[in-house]
Amino acid sequence: MGGIARSRYGTLTNWAHLWSASIPLAAGSNTIVIRAQDRAGNMGTATLTIVYAPLPPQKISADTGDGQITLFWDNVFGALSYNVYWSTAAGVTNSTGTLISNAASPRTLSGLTNGVTYYFVLTTVSNAGESAVSAQVSATAGAPPRPTGASAQAAGSDISVSWNSVPGATSYNLYWSNQTGVTKATGTRIAGVTSPFTHVGLTGIPFSYVVTAQNAIGESLESLEVTASPQLPPPPPNDITLTQNFSAVLIQWTPVSGVAQYALNRCDAWSFGTVPPTPAHCATFPVNVYVGSEANFIDFGVAVGQSYRYHVTRIGAFGPSAPSADAGIYVAP
């Protein structure tokens with residue numbers, strides 16, 4: 001609300017007041033009355049009418065089986081029940097489909113003909129009446145149901161995925177992705193797999209999987225998603241730089257998220273003179289000068305007039321990385 005009020009200084013001042021409230025709505029017509037009163041007792045009233053109509057069901061899926069199809073959907077606020085309309089012809093509507101009233105999720109339709117594709121739309125029934133129809137879904141009776149019991153277990157650079165056998169299935173398909181929420185549409189397909197299936201030679205990032213069952217009639221819905229990460233050491237560090245810091249050497253490298261520690265090693269074999277020791281002379285780096293979480297270190301254990309080489313390894317949950325490319329420096333007097 002807003003208005004004009006006189007301030008204590010005798011001038012007119014515009015004023016406004018904003019407020020909000022959460023009001024639950026019932027299905028159908030809702031009348032909201034707002035009243036405001038000032039200090040003088042003057043009253044103002046506003047009436048707002050909001051008609052709430054239920055939404056149609058969302059996230060509908062159809063699982064299959066021998067002579068049956070089971071429908072799943074999310075419940076809708078204010079729903080009393082749901083209507084299912086089905087047909088063997090695409091483009092089914094609430095006027096052309098066969099009605100199944102008073103349905104609830106999940107709803108199984110039995111006695112269907114294997115090999116026949118059935119089409120469905122759903123509506124929500126509430127005190128306000130019936131909603132518009134949902135998006136259409138379809139399924140073919142006789143296709144196998146979705147696999148259950150899926151699991152994923154990492155072993156080194158491999159991940160083993162297993163699942164329960166499905167009655168009526170003649171083969172299985174595995175879909176994988178490096179993103180969660182993998183589906184038949186978004187995942188990379190590996191056809192004709194058997195349980196357990198080993199996905200080999202992977203990098204150390206999470207992999208997500210779903211499994212489907214297949215027979216001559218069709219392919220099932222996806223199993224529940226499972227995820228695992230290869231048990232690999234981290235990759236080696238990069239971008240190592242050496243800088244003389246008075247009579248010491250400052251060693252820096254690029255930090256990596258999720259790495260708990262770094263190990264810094266020094267080689268000073270054949271290190272006299274201005275030329276750092278060669279990689280051949282530093283086949284081993286016997287001096288471990290630092291282990292810690294910071295991506296830098298000042299090495300005070302050097303001598304001016306000598307040369308050195310360094311490399312860094314990352315220490316992860318599954319062991320140390322390979323060493324970084326090494327770098328050399330001459331410590332000038």
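How many salt bridges does the count come to? Four, where a salt bridge is a side-chain nitrogen of Lys or Arg within 4 Å of a carboxyl oxygen of Asp or Glu.

A word on the ground rules. This is a predicted model, where local features need pLDDT of at least 70, side-chain atom pairs count only at pLDDT 80 or more, and totals for chains, interfaces and linings use all residues. Residues are numbered from 1 along each chain as its sequence is written, and side-chain values use heavy atoms, with hydrogens and water left out.

Take Asp63 and Arg146. They form a salt bridge, with the closest N and O atoms 3.3 Å apart. The partners come from distant parts of the chain, 83 residues apart. Asp63 sits in strand β5, residues 58-65. Strands here are DSSP runs (E, at least two residues), numbered from the N terminus. Arg146 lies in the loop between β12 (137-140) and β13 (151-155). Asp63 is buried, at 11% relative accessible area. Buried means under 20%, exposed over 50%, partly exposed in between, with a 1.4 Å probe and protein chains only. Arg146, at 24%, is partly exposed.

Now Arg266. Its side chain meets that of Asp268 in a salt bridge, 3.8 Å from N to O. Arg266 is buried, at 8% relative accessibility. Asp268 is partly exposed, at 30%.

Arg266 also forms a salt bridge with Asp299, and there the closest N and O atoms are 2.7 Å apart. This pair again links distant parts of the chain: Arg266 in strand β22 (261-267), Asp299 in strand β24 (296-299), 33 residues apart. Both Arg266 and Asp299 are buried. Through shared partners, salt bridges join Arg266, Asp268 and Asp299 into one network.

Definitions and conventions:
Helices (H or I, at least four residues) and strands (E, at least two) are DSSP runs, numbered from the N terminus.
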